[in-house]
Amino acid sequence: IYTIRLRKMGEFIEVFDRLAMPILLRTLGAPLGFWTSQVGQLNQFVHLWGYDSLADYEQRSLARDQHPGFPAYLAASEHLIVAQETRLIRRATLASLEAPQ
């Protein structure tokens, strides 16, 4: 979850799409999705990626961080990002969703 400077979301998304996405697709794989906040804490860009395990997350994150093009994205986005938060979450299985309807 990135908190983006006020009135800079469009610029951030352009930089992210142009500089980060080619690298992320190669190193992290296909994303689960992207969202921007509309209610509550504003100016947030949320991106979600799926991993098979903590080791898989660590391996792919290392590949991203070591990619020769990644520093260019970091430099181009630095002035746009106010805060950053990483969460590792697990799928919760609910019996009511597993039962036949």
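**Rings, a helix face and a surface patch**

Let's start in helix 3, residues 70–77. F70 and Y73 sit three residues apart there, so about one helical turn separates them. One caution before I go on: this is a predicted model.

Stay with those two residues. How exposed or buried are they? F70 is buried, at 8% relative accessible area. Y73 is buried too, at 2%.

How many aromatic pairs does the structure hold? Ten. I'll take one as an example, F16 with F34. Their ring centres are 5.9 Å apart and their planes meet at 75°. Edge-to-face pairs need planes over 60 degrees apart, so this pair is edge-to-face.

Where do the two partners come from? F16 is in helix 1, residues 9–27, and F34 is in strand 2. The pair therefore ties together parts that lie 18 residues apart in sequence. Look at the cover on each. F16 is buried, with a relative accessible area of 3%. F34 is partly exposed, at 32%.

Back to F70 and Y73. Their ring centres are 5.6 Å apart, with the planes at 40°, so this pair is tilted.

Both pairs belong to a bigger picture. Ring pairs link Y2, F12, F16, F34, F45, W49, F70 and Y73 into a cluster.

Next, helix 2. It runs over residues 54–66, which is 13 residues. From first C-alpha to last it reaches 18 Å. That is close to the 18 Å expected at 1.5 Å a residue.

Which residues of helix 2 are buried? D56, R60, S61 and R64 are. Look down the helix axis. The buried residues of helix 2 fall within an arc of 125°, so they line one face. Now turn to the face pointing away from that buried side. Here helix 2 carries the exposed residues A55, Q59 and Q66.

Last stop, the surface. Which residues form a nonpolar patch? L32, W35, L48 and I89 do. Together they have about 430 Å² of accessible area. Take L32 from that group. L32 belongs to strand 2, residues 31–36. Its relative accessibility is 57%, so L32 counts as exposed.

To recap. The ring cluster includes F16, F34, F70 and Y73. Helix 2 has its buried residues lined up on one face. And L32 is one of the residues in the nonpolar surface patch.

Conventions:
Residues numbered from 1 in each chain as written. Predicted model: local features only at pLDDT ≥ 70, side-chain atom pairs only at ≥ 80, totals over all residues. Heavy atoms only, no water. Patch = residues over 30% accessible without salt bridge, like charges linked within 9 Å, V, L, I, M, F, W, Y side chains within 5 Å. Areas by Shrake-Rupley, 256 points an atom, 1.4 Å probe, with all protein chains shown as cover. Salt bridge = Lys/Arg side-chain N within 4 Å of Asp/Glu carboxyl O. Helix = DSSP H or I, 4+ residues; strand = E, 2+ residues; numbered from the N terminus. Buried < 20%, exposed > 50% of the residue type's maximum accessible area, 1.4 Å probe, protein only. Phe/Tyr/Trp six-rings, centres within 6.5 Å; stacked < 30°, edge-to-face > 60°. Expected span 1.5 Å × (residues − 1). Arc of directions from axis to C-beta.
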